[in-house]
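Here is my note on the structure, point by point. Please read it with the coordinates open.

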Amino acid sequence: MAETLIEDIGFAAADGWPLAGTLYHSQAEATHAVMMSAGTGFPRRFYRHFAQYLAGRGALVLTYDYRGIGGSFNAGHDFANIEYSDWGRYDMSAAVDVLARVAGDLPLAHVAHSVGGHFLGLMPNQSRLLRHAFLSIGTGYWGGHHWRNIPKELYFWWGLGSYSLWRHKAVMPIGGWQGEALPPRLFRTWRRWSHRRGYFQPDLEGALQPQAYAEVNAPIRSWIFSDDPIATRASGRDLLAVYPSADTELVVRSPREYGVHRIGHEGAFRPGREALWDEVSDWLECGL
């Protein structure tokens, strides 16, 4: 693969919030562009290995931090009132525009992790993305997760989460939470959704307006891994149901199929998963 060139950039969200991103590309001419949308609490640097790999295969890749996360924390802004849906409505949509501007005439595709696949219907420009590869994406509803994970989730929602909000006014990386600090309003919304079978669907005609989930029609292929306690076959199927107009496909893979012992909820982006990365890249490229 060709040497990867890496460039950190700054850009504004659709409502003006300053965001941080990183562009990856090789010295060879790119054939397509890929936006990578993170999971909750994951900074963009977590995805650097996969981004470099995609760039080596001819992609121009953009990773970025949602507001309040990593390089987009911006202490002078209103961290406390960041809403979960802001990440889709304002941040993801701005990232699409930036990538389109840099990519020129290149076709645009999307790789999403966890919550990165939840908010396509809030993006007014989502139609610019021609294919979506979902990795470890399901609803947050605890009842759709593996039963062994439920005590840990209840502890996170009502033990660690409640204590951290009381003590720190945010959900801090303490007591087992390994992600970035989470804004209080965002956390409470996530907790409320995750206690409902329909997750965010009951809000589609209320708090999440305006929305256009029924207008998302680009193909979506969702990779679910057998050892992931959160993005299970059931929760993955439930999440795809919010995109009724899209051609969706859910595939369940075991770590053994890629020659590794573990993938779980975040392992798809760690080094050593090149066999999976090739499969994802092949699927993205074949339809562009």
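1. Start with the largest pocket. Its volume is about 1,000 Å³. The lining counts 38 residues, and those closest to the centre are F42, W177, I230, H265 and E266. Keep in mind throughout that this is a predicted model.

2. Which elements give two or more residues to the lining of the largest pocket? They are α3 (150-168) and α4 (184-194). Helix α3 supplies the largest share, with 6 residues.

3. Now the backbone. Most residues other than glycine have a negative phi, and most peptide bonds are trans. P210 sits in the loop that runs between α4 and β7.

4. Is S136 buried or exposed? S136 is buried, with a relative accessible area of 1%.

5. K169 is exposed, at 58% relative accessible area. That passes the cut-off for exposed, which is over 50%. Please inspect S136 and K169 side by side: S136 is buried, whereas K169 is exposed.

6. Which residues of α6 are buried? They are L276, W277, V280, S281, W283 and L284. These residues lie on the same side of α6, because they cover an arc of only 160° around the axis. An α-helix has 3.6 residues a turn, so residues three or four places apart point the same way.

7. What do the buried residues of α6 pack against? Their partners are strands β3 (32-37), β5 (108-113), β6 (129-135) and β7 (220-225), together with helix α1 (48-56).

8. E279 makes a salt bridge with R253, at 3.2 Å from N to O. This pair links distant parts of the chain: R253 is in strand β8 (residues 248-253) and E279 in helix α6, 26 residues apart. There is also a network of salt bridges that links R57, D278, D282 and E285.

9. The structure holds 18 salt bridges. One of them joins D91 and R67, with the closest N and O atoms 2.7 Å apart. D91 lies in helix α2 (residues 86-103) and R67 in the loop between β4 (59-64) and α2, so the pair ties together parts 24 residues apart in sequence. Both D91 and R67 are buried.

10. D203 and R196 form another salt bridge, their closest N and O atoms being 3.4 Å apart. How does burial look for this pair? D203 is buried, at 10% relative accessible area. R196 counts as partly exposed, at 22% relative accessibility. The cut-off matters here, since buried means under 20%.

Technical notes
Residues numbered from 1 in each chain as written. Predicted model: local features only at pLDDT ≥ 70, side-chain atom pairs only at ≥ 80, totals over all residues. Heavy atoms only, no water. Buried < 20%, exposed > 50% of the residue type's maximum accessible area, 1.4 Å probe, protein only. Helix = DSSP H or I, 4+ residues; strand = E, 2+ residues; numbered from the N terminus. Arc of directions from axis to C-beta. Contact = heavy atoms within 4.5 Å. Salt bridge = Lys/Arg side-chain N within 4 Å of Asp/Glu carboxyl O. 1 Å grid on protein atoms, 1.4 Å probe; cavity = no way out; pocket = protein on both sides within 12 Å on 5 of 7 lines; lining within 4 Å. Points joined across faces, edges and corners; volume = space filled by probe spheres on them.
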